[in-house]
Structure formats: structure tokens, C-alpha cells
Amino acid sequence: MFAGKDVALIPTLFFFLLMRNYYKKEDMEVVSLFGSKVWCKGATSHYILSGAHLMMPGVVDIGEVNNKTLHVGETVFIHSIGTSCPYAVGLSTEGLVNRAKIGKGVYVLHCYKDLLWDSYFAVFNAFCGSVYPVLPSSFRANEVVEILLPKLDTANEILEEKGDPGNLENGDDDVLRKNVFFNQSRVIQTTLKMIEGEDALIDFALCETVRALSHSMLPMPLTEFSPLLISNAPRIPGAKLQIDFKRTKYKKVLPYLLMRSDLITVSEEKKGNHFIVQINKSSELLRRHRRNYAEFLQLIHEPAKEEEALEAEQQMIREGAKGGIKRHIVSIETLYSPKNGSAIELTRILCTGMYLDNMKQKILGETLPKNLLLASYGDNNDFLDELYSRKHLCDNLRKYIRAKGLLETEGHSDGIPFVKLDDTLLPIASELDNFMRITEVEDRVLDRMFAPVHQILMETNQFINGVATSVSFITKTTKKGKLPKILVFTEKRKGNKIVTIVRGLDAYGFDLASLATEWKHQFSTFCTIYDPSKEMTKVKQGTQVPLELQLGGDWLSKLKAVLQEEFGFPQHTLNISAK
């Protein structure tokens, strides 16, 4: 396809991530040293991250290196509009060189979220003790969003107005940077006007705090919620905006929260002990917040928080180099993520507790004013992006069944009540099912409408000279599918020598290299890292095989204690046996 081309050095995207961290995101011009750039709409990244090549209709702009003409087979980096960090790299095609309107534009070799990226990124997080997001804020789970630019300010349009389209190669980078700068200035001025007044400032922080919370984190003590609220003040360059409740009319956090009962519910479990017990992510206040501050959050606030996190992480890594970093599992919780399907109304009921009854919106039996009907219905499906506990979903299901009078408790010998399936519950029914045991309804709802995910809270502590310091961070990760098991077993080798094998620690983000060194001294034996895929002849391409730590001797009982007490693994995640 690219005959006659010399072999070129093509860096991985992870290389640019390292450069971005090294330069603290101040300069990404290193990309231009290796190839040309193309810019695309953010939606285009969906297809590329799914394994597609870049087609010409998806190309918005092209930036060639040092004014040199682009040739077929040269390295090209793919960006979303307004971003400086590429999310894919490939080779230019004849269609790209000739600026064709159809056909393939870039033959993609490597992209964000592919196997090469995952392998490097996992090692980086484990080795560097990464406890904060180090990706650009535009890099999301399934796409790389674009940074919105003002209308008529794209490179093509400005140069067309000047009547000199030939200067595109010289000016596209500068135009994009200037557009971003002026757009950010406009957004900052607009935001400063919107947050005038103490209520507006605190409301911003409250909405951002609630956005970051999941239902599984509740109930949360007010003593833990208050620091989160205060830390979510808007990040505006050159303006230090801080929240001090003592200087407000509320004097304390609690009176303010009680005034925002539409968004958050506070309960006094014991005298003087208050907890956040419920959040309403469909409230009008939060919806207005998303709508009014959308550009500010994307362009200013979230990148600034990411910068703060990056600085804190680098400081921790620098300090950790003097001693070490250890990780400990705080908790592992099974949660449920809504599947994208046709039963949107039933999913809404289970996730939010909201339903329609005779064209009136209700929350767990309480009627809402009609003018709020559309505010939380139809155009607001944010609840699909959240994670929920089994208890939360089943509680809302049972409340809906009782509110609609669908529960039948008489005439059943086993004592388990039956549910009459109405039109809303029919998506979970089989043919001719009119009634179903309530326990079966719960099981079917979770199986057909939700996907289980596992939320892992990990604490990272810094050690200097073997002593734990006060520096520690909590990170939260989610794993889809079946929770990986940690296998610990023994094998007999030549000469009846016993070897203890630990498999699966890398799946939880533990650094095997540092563990091998630590266990070598702790157990006074050899400890090496081994890749079992080397002995596997029938491994499908893309299959990730867990690495192993192999120790000389029988250490089953001691390793069980270490994994449970020091690492925090629950009993059900361990499989310990002698082979």
C-alpha cells in the first residue's frame, strides 16, 4: 500500500502523555517533530476508538509539517478540534494527500484505548503510583471531545476571508491557539458575572460536588461532605475564589444544605450527627448548572482541576522516590450500570424513583408541579451515566410496585408476594407472564437492564525510610464484567522444589516489579515476574493473560495473611490452593 517508503520512527501516544506530564502541559509542539496533524470533530473519535480508519468526510483540517508537502505513507496524528494532544496515529493515504471528499484519509495504526495504549498506561499507573487522572480533560471513556471554537473562526474560514487559502499550512496552529484563548476569555467573563453573589458561588460548588457523587457513596457524613463542597469552588485563572461559610449569611454548611432540599437530602441520624442520605441529579438546579456552565466546565474548570491533581501527583512521586509508595484496597463494591435499551421509562423509575402517572410526574408517590415535568423528563437522561447499588434499585422498584398497587400477598403458599406486571414492567416479562414473584422481578431487572461493575477504592500511602507519612490519596476505579480472582497456589518443580505462584495482582494496579523486590527481602527467597502466555500456543489475539509472581518455597499461609491484612483483599477475591 505504501511501497517505496522508508521505515519511519513512529512514537506511541503514551510517549506524548509522558511529554505532556514532563512539560506540565505547557508545550505539546513535540508532536510536529514526528508528523503532520489532522483535526476532526469530537464525534469522529467514536469510530476511530472502535477500530475504524479515518475517512475523508471526517477530516476538518490538515496541518503539514514545516510547510512541506504531505506525501502518501507519511506519519499523521489525529486530533479533536481545539486539542493539542493526539488520540490516534497513522499513515496518510492518497485521499488525504489530494484532499479528496470521499474514501480513506488516514490508515490508523495506533489509537487511544487500544491494546498497545492499555498495556503502557496500566504499567505507568502501577509503576508511578498514579492516583490522579493524567489524561487531558478532553479524553473521555469512549471519545475525545473537541474544544468548542467560536463560529467563523476556524482556520479555513479566516483564510478564505483573507483570500489566501495557500497560507493554511503556516497559520492553522496559531489560529487555533488564538481562538482558544479568546474563547476562554469570553467564557471567564461570562462566568464571573454568573457567580456574583455568595449563593451563586456556593451553588456552583454544591452542583459540582453532587455531580461527582454516586448513589453508592451514600449515606455520607456531613463532616466528609463539607470539605468536598468547599474544594469545588470554580477555578478561574487570576481569581482565587474560596468559600468560607463563616463569612456568609448561613454561618455553617448545614443551614445552607437544608435550603437546597430539591438537590440534596440531609438526615440527622443521631443528635448532632448529620448525613447526606439522598441526591437528586434530575433537579432543576443541577440541570441549570450544566446548561449555564457547560463551556466553562469544559474549557476552564475541569482542566484546572486536572492541573492541580497533576501537580499533587508529581509532588507525591518526587517525595515517594525518597522511600516508596504502597497501595491498599479500602473496599470493593458491586454496582450496576444501566444498559442502553428500549425500556427507558422502567430504567428511569429504578434509577431515579421518578415516574409518570396520568401525565403527572411523581417521585416515590409525591406529585410534582406540572412545569417541572419536562425539566426532568424526556431531555434529561443523565441518570444513565451513573452507577447504582442493588439496594437502591430494588428499593425504588418496590416503592413503585406499592405506589401502583401491583403487589399481591394473598393466595400464595410459599409466602413470597407476587407482582402484577403492568405496561411499564412488561419489558422484563416472558410470554404470557401476567404475574411474577417479586424476588424474580428483582433478579430479572438486574440481569436484563443493568450490567454489573465493580467499584474499587484504593488508598495509596507514601513511605520514607520505611515509615508511613501523612501523604495519602484515595482513588476510585471501576471494572466491568467478572471481578478478577487472585490465584495463589504451589507447584512442584524439578528436584521436588516447591514454588509458590501468585497470579492476578496486576489487574488491580499493583506494581509487580516493586512487589518482587519487596517480597524477595521479606521472605528471604527468590521472587520473579513470569508471563504465562509464553507457554500458551492457543491464545487469541488481544487476550490479556495475568502475570505471575513466583516465589521459592511454600508461602501459602503467609501470603494469604499479607494479601488480606496488608493489601486489603476480601476473602471472596482470593483463591488459595496447593496443586
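Helices (H or I, at least four residues) and strands (E, at least two) are DSSP runs, numbered from the N terminus. The model is a predicted one, in which local features need pLDDT of at least 70 and side-chain atom pairs count only at pLDDT 80 or more, while totals for chains, interfaces and linings use all residues. Residues are numbered from 1 along each chain as its sequence is written, and side-chain values use heavy atoms, with hydrogens and water left out.

Helix α17 is followed by glycine 568, which has a positive phi near 85 degrees.

The open sheet has five strands in the order β21-β22-β20-β19-β23, with mixed pairing; two strands pair if DSSP finds at least two bridges between them. Strands β21 (527-530) and β23 (574-578) stand at the edges with a single partner strand each, so one side of each is left without a neighbour in the sheet. Strand β19 (residues 486-493) runs parallel to β23 and is joined to β23 by five bridges, with leucine 487 opposite asparagine 575 in β23.

Rings of Phe, Tyr and Trp (its six-membered ring) pair if their centres lie within 6.5 Å; planes under 30 degrees apart count as stacked, over 60 as edge-to-face and the rest as tilted. By this rule there are 17 aromatic pairs, and two of them are tabulated here.

| Ring pair | Centre distance | Plane angle | Class |
|---|---|---|---|
| Phenylalanine 204 and phenylalanine 296 | 5.8 Å | 65 degrees | edge-to-face |
| Phenylalanine 510 and phenylalanine 567 | 5.0 Å | 25 degrees | stacked |

Phenylalanine 510 lies in the loop between β20 and α16 and phenylalanine 567 in the loop between α17 (556-566) and β23, so this pair ties together parts 57 residues apart in sequence. Phenylalanine 510 and phenylalanine 567 are both buried, as are phenylalanine 204 and phenylalanine 296. Ring pairs also link Tyr508, Phe510, Trp519, Phe523, Trp555, Phe567 and Phe569 into a cluster.

Definitions and conventions
Buried means under 20% relative accessible area, exposed over 50%, partly exposed in between (1.4 Å probe, protein chains only).
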